[in-house]
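Trainee: Please take me through this entry one question at a time, and state each convention when it is first needed.

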Amino acid sequence: MRLLLIEDNGRLADLLVAGLARRGFTCDHTPNLDMATEAIAAQVHDVLIVDRGLPDGDGIAWLRDMRRRGHMQPALVLTARDALEDRVAGLDAGADDYVVKPAEVDEIAARIRALLRRPGPRAQTQLRFGPIMVDSASRTMLCFDQPLDLSRREMDLLELLLRQAGAVVRRDSLENALYAFNEPVTPNAVEAIVSRLRRKLEDAGAQGMLHTVRGVGYMLREAAS
């Protein structure tokens, strides 16, 4: 799951990005609304985390404008403004949740998972293909009904491939999805994650499902009988 954090406090942003990464989320960060708008245009994000008082405007007004433009991904407002009228304004502007600072990372992560479980016009959170099942909201991974022990990026890769099972997913698309904007990426990073994931799937009994399409990307397909 990929998040976009819009927060101008650099120290707080660093703590949140690191804490959410440890809890299984890839988190992009922008310090202002203009950069957030560019980030949304460049990458699909599953949840937005929006501060209110930002250098170039009010996060609530920005969120209302994003809703008008058709960006309907779940949004959590994270702000120090705790007055009732502020909370009401945030929810009326299109926020799905409103959290007052300071808040623990565990609570924020739990609220994000709750948002992902809500029904609505957003990406399906439970995916199945052959013997493989991934629930991206609960971070559950099964193969032949047995738990898979995957790293965060291995699970993110598996989810991406499951969402397009039977089709080739380009290597550059996977790289963009697996790594946040400011993360360094080594030339063979995606290949290394694919190799580890393939080995774990095969150890779990799912042989011959993860394929490399040389020079293009990777795909999941049913194993030949």
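Mentor: Contact means that heavy atoms lie within 4.5 Å. The model is predicted: local features need pLDDT of at least 70, side-chain atom pairs count only at pLDDT 80 or more, and totals for chains, interfaces and linings use all residues. Residues are numbered from 1 along each chain as its sequence is written, and side-chain values use heavy atoms, with hydrogens and water left out.

Trainee: How many helices and strands does the secondary structure of the protein chain come to?

Mentor: Helices (H or I, at least four residues) and strands (E, at least two) are DSSP runs, numbered from the N terminus. On that basis, the protein chain has eight helices and 14 strands.

Trainee: What is the radius of gyration of the protein chain, and what does the globule rule give for 225 residues?

Mentor: The radius is taken over C-alpha atoms, and the rule is 2.2 Å times the number of residues to the power 0.38. The two values are close, so the chain is as compact as a globular protein of that length. The C-alpha atoms fill a box of roughly 60 × 35 × 30 Å along the principal axes.

Trainee: What percentage of the 225 residues in the protein chain do buried residues make up?

Mentor: Buried means under 20% relative accessible area, exposed over 50%, and partly exposed in between (1.4 Å probe, protein chains only). By that criterion, the buried share of the 225 residues is 45%.

Trainee: How far apart are the mean positions of the positive and negative charges of the protein chain?

Mentor: Lys and Arg count as positive and Asp and Glu as negative, while His and the chain ends are not counted. Each charge is placed at NZ of Lys, CZ of Arg, CG of Asp or CD of Glu. With 30 positive and 33 negative charges, the separation of the mean positions is 3 Å.

Trainee: Which residue has its backbone oxygen 2.8 Å from a polar atom of the side chain of Tyr98?

Mentor: Tyr98 lies in strand S7 (residues 97–100) and counts as buried because its relative accessibility is 9%. Beyond its neighbours within four places in sequence, its contacts include Arg52, Val77, Asp86 and Arg111. The backbone oxygen 2.8 Å from its side chain belongs to Arg81.

Trainee: Which residue has a side chain joined to that of Asp51 by a polar contact of 3.4 Å?

Mentor: A polar contact is a pair of N or O atoms within 3.5 Å; within protein, one must be able to donate a hydrogen and the other to accept it, and residues adjacent in sequence count only if both atoms are side-chain atoms. Asp51 sits in the loop between strand S3 (47–50) and strand S4 (53–54), and its relative accessibility of 6% makes it buried. Not counting residues up to four places away in sequence, it touches residues including Ile6, Asp8 and Leu78. Its partner in the polar contact is Lys101.

Trainee: Which residue does a cis peptide bond join to Lys101?

Mentor: Most peptide bonds are trans. Here omega is about -10°, and the second residue of the pair lies in the loop between S7 and helix H5 (105–117). That residue is Pro102.

Trainee: Is Asp145, with its positive phi, buried or exposed?

Mentor: Most residues other than glycine have a negative phi. Asp145 has a phi of about 65°, and Phe144 has a phi near 50°. Phe144 lies in the loop between strand S10 (140–143) and strand S11 (146–147) and is partly exposed, with a relative accessible area of 47%. Asp145, found in the loop between S10 and S11, has a relative accessible area of 61% and is therefore exposed.

Trainee: How far apart are the C-alpha atoms of Cys27 and Met1?

Mentor: Cys27 is found in strand S2 (residues 26–30) and is buried, at 5% relative accessibility. Leaving out residues up to four places away in sequence, it touches Leu3, Leu5, Val17, Leu20 and Ala180. Cys27 and Met1 are 26 residues apart along the chain, and their C-alpha separation is 8.5 Å.
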